[in-house]
Amino acid sequence: MAETRYPGCCLCGAVRFSIAAPLPHFYQCHCSLCRRLSGSACDTACFVDLPQFRWEAGEDNIRSYQTASAYRSDFCLTCGSTVPHRMRNGRQAWVPAGLLDEAGDSEVRAHLFVASRASWDRIAEGACHHDAMPEMEELDLCLRKALTPSQP
């Protein structure tokens, strides 16, 4: 049986990657840095374990920017799209949800930095709301899908 993979790419297609199933749920971060990076109300992303993540092309076309506070943004040198990067914990990759060709049944399950959201930002109910960044383990548990009996 073939492995299910979720492909994704930057705007120009130079940077391509894929994620092995199961794809976790997403979070939205409403902090001022994520608003500036996305040019929107929030940034939507997920964390995947490194063994699930694979670069397909364009890894040499990625550049990185990091603030003094260690906030990081990796981007495609050609089109400027934000692209995935390896997280500081050394075991996961951060993946922008908008780069995925499809998201299966993944949905937004957590909102971060709700206390610093833009005044015009309205956040829907039905997901966890955190005024700041929760412990990574707590957030990771919230975003992982429970395995059903039909899954390995």
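These legends accompany close-up views of a predicted model.

**View 1. The largest nonpolar core, with I19 and V95 at its most connected positions.**
The core has 18 residues. I19 and V95 have the most contacts inside it. Three strands each supply at least two of its residues: strand 2 (16-20), strand 4 (43-49) and strand 10 (92-96).

**View 2. The surroundings of V95.**
Which residues does V95 contact, leaving aside its neighbours within four places in sequence? They are F17, I19, A45, C46, V48, F53 and P84. One of these partners, I19, is named with V95 for the most contacts inside the largest core. Two others, F17 and F53, return in the next view as members of an aromatic cluster.

**View 3. The aromatic cluster of F17, F53 and W55.**
A pair of aromatic rings is described by the distance of the centres and the angle of the planes. The model has four aromatic pairs. In one of them, F17 and F53 have ring centres 5.6 Å apart and planes at 20°, so the pair is stacked. It links distant parts of the chain. F17 sits in strand 2 and F53 in strand 5 (residues 53-57), 36 residues apart. F53 also pairs with W55. Here the centres are 4.9 Å apart and the planes stand at 85°, so this pair is edge-to-face. Are F17 and F53 buried or exposed? Both are buried. For F53 the relative accessible area is 13%. W55 is partly exposed, with a relative accessible area of 25%.

**View 4. The salt-bridge network of D49, D140 and R144.**
Side chains of opposite charge can pair when their charged atoms come close. The structure holds six salt bridges. Salt bridges link D49, D140 and R144 in a network. Between D49 and R144, the N to O distance is 2.7 Å. D49 lies in strand 4 and R144 in the segment after helix 2 (136-143), so the pair ties together parts 95 residues apart in sequence. D49 is partly exposed, at 22% relative accessible area. R144 is also partly exposed, at 32%.

**View 5. Two further salt bridges, R5 with E3 and E56 with R54.**
The side chains of R5 and E3 meet at 3.0 Å, N to O. E3 is exposed, with a relative accessible area of 54%. The side chains of E56 and R54 meet at 2.8 Å, N to O. How exposed are these two residues? E56 is partly exposed, with a relative accessible area of 39%. R54 is partly exposed too, at 39% relative accessibility.

**View 6. D121, a buried residue with no salt bridge.**
Where is D121 placed? It is in the loop between strand 11 (108-112) and strand 12 (128-129). The nearest side chain of opposite charge belongs to R117. That side chain is 5.2 Å away. A salt bridge needs a nitrogen to oxygen distance within 4 Å, so R117 does not qualify as a partner. Which residues does D121 contact, leaving aside its neighbours within four places in sequence? D121 is in contact with H30 and A41.

How values were computed
Residues are numbered from 1 along each chain as its sequence is written. This is a predicted model: local features need pLDDT of at least 70, side-chain atom pairs count only at pLDDT 80 or more; totals for chains, interfaces and linings use all residues. Side-chain values use heavy atoms; hydrogens and water are left out. A nonpolar core is a set of buried Ala, Val, Leu, Ile, Met, Phe, Trp, Tyr and Cys residues joined through side-chain atoms within 4.5 Å. Buried means under 20% relative accessible area, exposed over 50%, partly exposed in between (1.4 Å probe, protein chains only). Helices (H or I, at least four residues) and strands (E, at least two) are DSSP runs, numbered from the N terminus. Contact means heavy atoms within 4.5 Å. Lys and Arg count as positive and Asp and Glu as negative; His and the chain ends are not counted. Rings of Phe, Tyr and Trp (its six-membered ring) pair if their centres lie within 6.5 Å; planes under 30 degrees apart count as stacked, over 60 as edge-to-face and the rest as tilted.
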